[in-house]
Amino acid sequence: MVIVMNLAASEEEIGRVSAKLEEYGFQVHRSTGVSRTVLGAIGQTAGFDLRKIEVLDGVESVTRIGEPFKLASRSFRRDDTVIDLKGVRIGGESLAVMAGPCAVESREQVREIARIVASNGARVLRGGAFKPRSSPYAFQGLGLEGLKFLREAADAEGLLVVTEVMEAAQIEPCLEYADILQVGARNMQNFSLLRRLGEVRKPVLLKRGISATIEEWLMSAEYVMAGGNYQVILCERGIRTFERATRNTLDISAIPVVKKLSHLPVVVDPSHAVGIRDKVIPVARAGVAVGADGLLVEVHCDPEKALSDGPQSLYPDQFRLLMEAVRGIAPVVGKKVS
C-alpha cells in the first residue's frame with residue numbers, strides 16, 4: 001500500500017509511521033518527492049485495516065496498490081524519477097544519448113569512437129566487455145581488459161560508461177569501471193542477478209526481454225528496487241514477433257504505456273530493435289517523438305570489420321545526422337538533450 005504524508009508532516013511523524021508499518025510486518029520504502037513524502041509498504045494487505053495507519057499524525061491518505069509492481073508504479077511515486085550522474089540527467093525533461101561500439105575490440109578502437117560520439121553530443125559511452133552471443137564460437141568480448149579500455153576512453157572525453165553485466169561474478173569489476181550497469185534482454189528474468197543488483201548503489205539499465213510483456217518487464221525492475229536500488233532505467237529494444245524484415249519489432253507504443261504505469265525513465269535502443277543500419281535513424285527519431293528519455297545507439301568507425309553487430313552500427317557521419325535530428329525533435333516534445 002501507499003501512504004501519502006501531508007505537506008506539513010515532520011521527520012518525526014514520518015519516522016513514527018514507518019516504525020508502525022514495520023511493527024505490522026511491512027517492508028517500508030520511502031520516496032521523497034518535490035512537495036511531499038510517500039511511503040511504500042510492501043507486505044500482505046489483505047484483511048489489514050487501513051484505518052490503523054490513516055489515524056496516525058502526518059498521514060494524508062492510505063491506498064492499496066493494485067499493480068503487482070509496487071515500487072515501480074506511479075502510485076508509489078507520482079513524479080518522474082530523474083537519475084543525475086555527474087551532471088548527466090536521465091529522465092524528466094532531459095534526453096540522454098548513450099553511444100559507442102557493440103563490443104570493445106581494442107584500446108584504439110574504443111578511444112576513436114569515444115572521441116567521435118562525444119564530439120557529436122553523446123554523454124555516455126556504451127560498449128560491451130562481456131558479450132552474450134547466440135553462438136559459443138562468436139567473439140565473447142575482452143573481459144576485464146575491455147572494461148579498462150572503456151574507462152580510459154570515457155575519461156579522456158568526459159563521458160560516463162554503460163556496460164553489460166551477464167552474471168553476478170561480473171558485478172564487482174564492473175562497479176569499479178562503469179557508471180551504469182546494463183542487464184541484457186536475455187537476463188531480464190535472471191532473478192538472482194537482479195537481486196544482487198538491488199544491493200548495489202549504481203544505476204541499472206534494464207533491457208526488455210525478447211518476448212517479455214510490459215508487466216513482466218516492470219516486475220523485473222521491481223526485483224532491483226525491492227533490494228533498495230531505485231536507480232533503474234528501462235530500455236525498450238524490440239520484441240520477437242513473426243516479422244523477419246527487421247531483427248526485432250520495436251514496440252514504440254510501450255514507451256507511453258510504461259510512462260503512464262511507471263515513474264522510471266525509459267530509453268530506446270534502435271540498433272537492436274531493427275538490426276539494419278539504414279533503419280536505425282528513423283526508429284530513433286520515432287522513439288524521441290513519443291517521449292523516450294534517451295537513446296542507446298551503436299556506432300563503429302568501420303562496421304564492415306566489426307567483431308559484433310556491424311550491420312546495425314552507424315557510421316560516424318550517420319551518428320552526426322542522428323544527433324542533428326534528435327536536437328530538432330526533442331524541444332517539440334518538451335525535452336532537452338542532456
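1. D309 has a positive phi of about 55 degrees although it is not a glycine. Most residues other than glycine have a negative phi.

2. This is a predicted model, in which local features need pLDDT of at least 70 and side-chain atom pairs count only at pLDDT 80 or more, while totals for chains, interfaces and linings use all residues. Residues are numbered from 1 along each chain as its sequence is written, and side-chain values use heavy atoms, with hydrogens and water left out.

3. S308 is also placed in the loop between β14 and α11, and S308 counts as buried, at 4% relative accessibility (buried means under 20% relative accessible area, exposed over 50%, and partly exposed in between, with a 1.4 Å probe and protein chains only). Leaving aside neighbours within four places in sequence, S308 is in contact with C102, A103, E105, K131 and R133, where contact means heavy atoms within 4.5 Å.

4. K86 lies in the loop between β5 (83–85) and β6 (88–90), and its phi is near 50 degrees, a positive value in a residue other than glycine. Is K86 buried or exposed? With a relative accessibility of 67%, K86 counts as exposed.

5. The axes of helix α10 (residues 277–289) and helix α11 (residues 316–329) come within 10 Å and cross at roughly 20 degrees, which makes α10 roughly parallel to α11. Here axes are lines fitted to C-alpha atoms, for helices over the stretch in contact, and angles run from 0 to 180 degrees between N-to-C directions; angles under 35 degrees count as roughly parallel, over 145 as roughly antiparallel, 65 to 115 as roughly perpendicular and the rest as oblique.

6. In this pair, R277, I281, A284, R285, V288 and A289 of α10 meet Q318, L321, L322, A325, V326 and I329 of α11. Sorted by class, the contact of α10 with α11 has 9 nonpolar, 1 polar and 2 charged residues, where Ala, Val, Leu, Ile, Met, Phe, Trp, Tyr, Cys and Pro count as nonpolar, Asp, Glu, Lys and Arg as charged, and the others, Gly among them, as polar.

7. The buried residues of α10 are R277, V280, I281, V283, A284, G287 and V288, and what covers them includes β7 (94–100), α8 (254–261), β13 (266–268), α9 (270–274), β14 (294–298) and α11. Just after α10, G291 takes a positive phi of about 105 degrees.

8. Helix α3 (residues 107–119) and helix α4 (residues 144–157) pack at an angle of about 35 degrees, with their axes 9 Å apart. On the α3 side R107, V110, R111, A114, R115 and A118 meet F149, L150, E152, A153, A156 and E157 of α4, and by class this contact has 7 nonpolar, no polar and 5 charged residues.

Definitions and conventions:
Helices (H or I, at least four residues) and strands (E, at least two) are DSSP runs, numbered from the N terminus.
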